[in-house]
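Open your viewer and keep the selection tool ready.

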Amino acid sequence: MVQGPSVYPPIDFGRALQWCEGKTGKILSPSQRDALHTVLTCRVVIITGGPGVGKTTLLNSILTILRAKHVRCLLCAPTGRAAKRLSEATGMEAKTIHRLLEVQPGTGRFARDESNPLDCDLLVIDEASMVDVLLTHSALKAVPLRGSVILVGDVDQLPSVGPGNVLKDLIDCGRVPIVRLTEVFRQAADSQIIVTAHRIRRGLMPELGQGTESDFHFIARDEPERTAATLEDVLRNRIPHRFQLDPIRDVQVLCPMNRGSLGVRELNQRLQRLLNPPKHDEPVVEKYGWRFQIRDKVIQTENNYEKEVFNGDIGTIESINTIEHEVSIRFDSRLVAYDFGELDELSLAYAVTIHKSQGSEFPAVVIPLSTQHYLLLQRNLIYTGITRGKKLVVLIGQRKALGMAVRNDRTQRRYSGLLESLAG
């Protein structure tokens, strides 16, 4: 695909740019204009860059020009939440990759492939750092012979939960045209979340003495028990009172690990007691080591093609029927029923791992940090966690643990063989 010429209709770049800026009201920077030119002249392009560098603005400009030329565009992302964000950002329908490829319930196979390709001229895959080797392979197989592909993602984030490190390997092989956006725009530069994320990406410690008006805060606590107590206070009192955010709906606790006193399992039980204490007249289900109650925040832990609920989707329990043995859970606008025997697919989600949060954004994010997490304290982990927060990010814990994470740029090697195949 990379070796083939662009199959877009002829485009007068100067006129198209002027028309697009007039239509969208967004004036592109010189780096974004160069990027736009690359995208419009290549069949496969990777757009990468950190938060606040204008990836969405660039993508909207690309889609505005190509759709005016009657290029049929399809948009997808690896998770439901990422697809919803892409839809909101572009004003176009975006689907999960599984839904776009028409996954078959029961088998998990895709109806869309080489023999039944997607009905499009361009496929856009957002949050491409999250997509593993197998899913990327399935998506590319379904692109029509004359189709084009744009992969959009932040290569400095954690790699996919599944095998491989596709986005990094495609960039490192040197054969795919790359658009690397680095300029942080003025509006984004006012956010300490974005400034801090870019400092960490470069291996620099965050500026920790932020004023009260900042959207990024670090609260130093040395003992894990004091960290947990402070985290409870921040969730129950400080954030709701100061920022008027709901501690269950709007705030997400992100942990480096599952285990330990500051791990997902322990904190979920603490936060459930704190934020959603049991009520005597309401039904409760105790299954698979968890206690499930109405209003609990829960996360799907594996793909369920029949329910169309996927690993990492977060929902809220709306009702529990002890006679029918059924729990109803709201995922965004959909209400999904689970039999009590299916609750092994769910965990509480007051706290989730940073890995599980990939592709999601939350109004506020709280991250406990401790040297007990030393096995997973890596730069891309803390960078991914911080970039999940839209309005507020609070780190609570040891400065030493933060320093360990920022300095540790040794990411785990992935042995997929993809880079060798591409380079060969």
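Is strand S17 (residues 362–369) largely enclosed by the rest of the structure or exposed, and how many of its residues are buried? Select S17. Eight of the eight residues are buried, so the strand is largely enclosed by the rest of the structure. Buried means under 20% relative accessible area, exposed over 50%, and partly exposed in between, with a 1.4 Å probe and protein chains only. Strands (E, at least two residues) and helices (H or I, at least four) are DSSP runs, numbered from the N terminus.

A note on the source: this is a predicted model, where local features need pLDDT of at least 70, side-chain atom pairs count only at pLDDT 80 or more, and totals for chains, interfaces and linings use all residues. Residues are numbered from 1 along each chain as its sequence is written, and side-chain values use heavy atoms, leaving out hydrogens and water.

**Next: the partners of S17**

Three bridges join S8 to S17, and the two run parallel. Pick glutamine 252: its bridge partner in S17 is valine 365.

Select H4 (residues 80–90). Ala82, Ala83, Leu86 and Thr90 are buried. Look down the axis of H4: its buried residues fall within an arc of 100° (taken from the directions from the helix axis to the C-beta atoms), so they line one face of the helix. Then step to glycine 91, which follows H4 and has a positive phi, near 75°.

Conventions:
Pairing = 2+ DSSP bridges.
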